[in-house]
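Me: I'm new to this and would like to learn how to read a structure one feature at a time. Can you walk me through it?

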Amino acid sequence: MPTEPAMLNATPGWAIQAQGLRCVLGGHTVLDGLDLAIRPGQFVGVFGANGAGKTTLLRALLGLQPLQSGRLRLLGRENLSARAQIGYVSQRDPIGADSFLRVRSFVGTAWQGERWGLGLSGARQRAQAVDAALQALEIESLAERGMDSLSGGQRQRARIAQALVNPVRILLLDEPLSNLDPQAQQRILLTARRLCTEQGLTVLMTAHDINPLLPHMDQVLYLAGGRGRLGTVDEVVNAVALSALYGLPMAVARDGGYRFIHPAGGFMPEDAAHCGHDHGHAEEGEGG
């Protein structure tokens, strides 16, 4: 059975708790009664078809997407203060990600951006924070390189370093593997796994293809029809669980360490067309 969400007034110790989250975009209900309970240090893969609500969920956690109903607790708190401890890497490159800006400077642009007048003492703290973020992503050797000189995988690691330049406890990665070759994908995944293990970060990573994440993630969150199912790979990625979630017969085929998900009987409704086995990299829009 999937992990059941804890009540929001229960014993603390959860990184993310949600009850009955409902989000509407353009008159369309994207998330409808979503429940979550994710512990600190967990690496959670978030999957679903385009428009299933992967990006919407991340934006809701960040406070960028209003909730029509439901309750959300982050790091044991229901107020906005916890969101300062969330790092976020969006699908879209931020300003400077493909410019001549040095990697060190690019990472540093996010450090305590809400504060003014930091002075020399602040400059020293900023430099230390940047060095720590570069080290965490193992890109110290790239510090003086221009962002426009990096490969896709190197640029993505620089973007993650930027998200970690401030002290964070939750890291949200929206399609970080898109358009990367398998070697670069594995480098990102190994880094995410290490951040969970060594720093106790809670990582949520959206993706189209479940297979690269299988050896690394602790839990799977599958979204479909506004609903979600959270649990281990074996608890969620099976015919019974996915059929209940999609409301139609689903099949899961295994080939060695890979899993291929498809509607049983060969028909392919739109909502299930990309349910975890699409090896293409069409990007999900901000409302997806």
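Predicted model: local features only at pLDDT ≥ 70, side-chain atom pairs only at ≥ 80, totals over all residues.

Me: Now a helix. Why does the length of α5 make sense?

Reply: Helix α5 covers residues 182-199, which is 18 residues. At 1.5 Å a residue it should span 26 Å, and its end C-alpha atoms are 25 Å apart, so the two agree.

Me: What happens at the start of α5, and what comes just after α5?

Reply: At the start, a side-chain oxygen of Asp 181 comes to within 3.1 Å of the backbone nitrogen of Gln 183. Just after the helix, Gly 200 has a positive phi of about 70°.

Me: Which residues of α5 are buried?

Reply: First the general idea: an α-helix has 3.6 residues a turn, so residues three or four places apart point the same way. In α5, the buried residues include Ala 184, Gln 185, Ile 188, Leu 189, Ala 192 and Leu 195. Thr 191 is another residue of this helix, and its relative accessible area of 4% makes it buried. Setting aside neighbours within four places in sequence, Thr 191 is in contact with Ala 136 and Leu 137.

Me: What about charged side chains? How many salt bridges are there?

Reply: Side chains of opposite charge can pair when their charged atoms come close. This structure holds eleven salt bridges. One of them joins Arg 71 and Glu 78, with the closest N and O atoms 2.7 Å apart. Arg 71 is partly exposed at 40% relative accessibility, and Glu 78 is partly exposed at 39%.

Me: Which residue does Glu 144 meet at 2.2 Å, N to O?

Reply: That's Arg 102. Glu 144 lies in the loop between α3 and α4 and Arg 102 in the loop between β5 and α2, so the pair ties together parts 42 residues apart in sequence. Arg 104 also forms a salt bridge with Glu 144, with closest N and O atoms 3.2 Å apart. That pair links helix α2, where Arg 104 sits, to the loop holding Glu 144, 40 residues apart.

Me: Which residues make up the network?

Reply: Arg 102, Arg 104, Asp 131 and Glu 144 are linked in a network of salt bridges.

Methods: Residues numbered from 1 in each chain as written. Heavy atoms only, no water. Helix = DSSP H or I, 4+ residues; strand = E, 2+ residues; numbered from the N terminus. Expected span 1.5 Å × (residues − 1). Buried < 20%, exposed > 50% of the residue type's maximum accessible area, 1.4 Å probe, protein only. Polar contact = N/O pair within 3.5 Å; in protein donor to acceptor, adjacent residues only side chain to side chain. Contact = heavy atoms within 4.5 Å. Salt bridge = Lys/Arg side-chain N within 4 Å of Asp/Glu carboxyl O.
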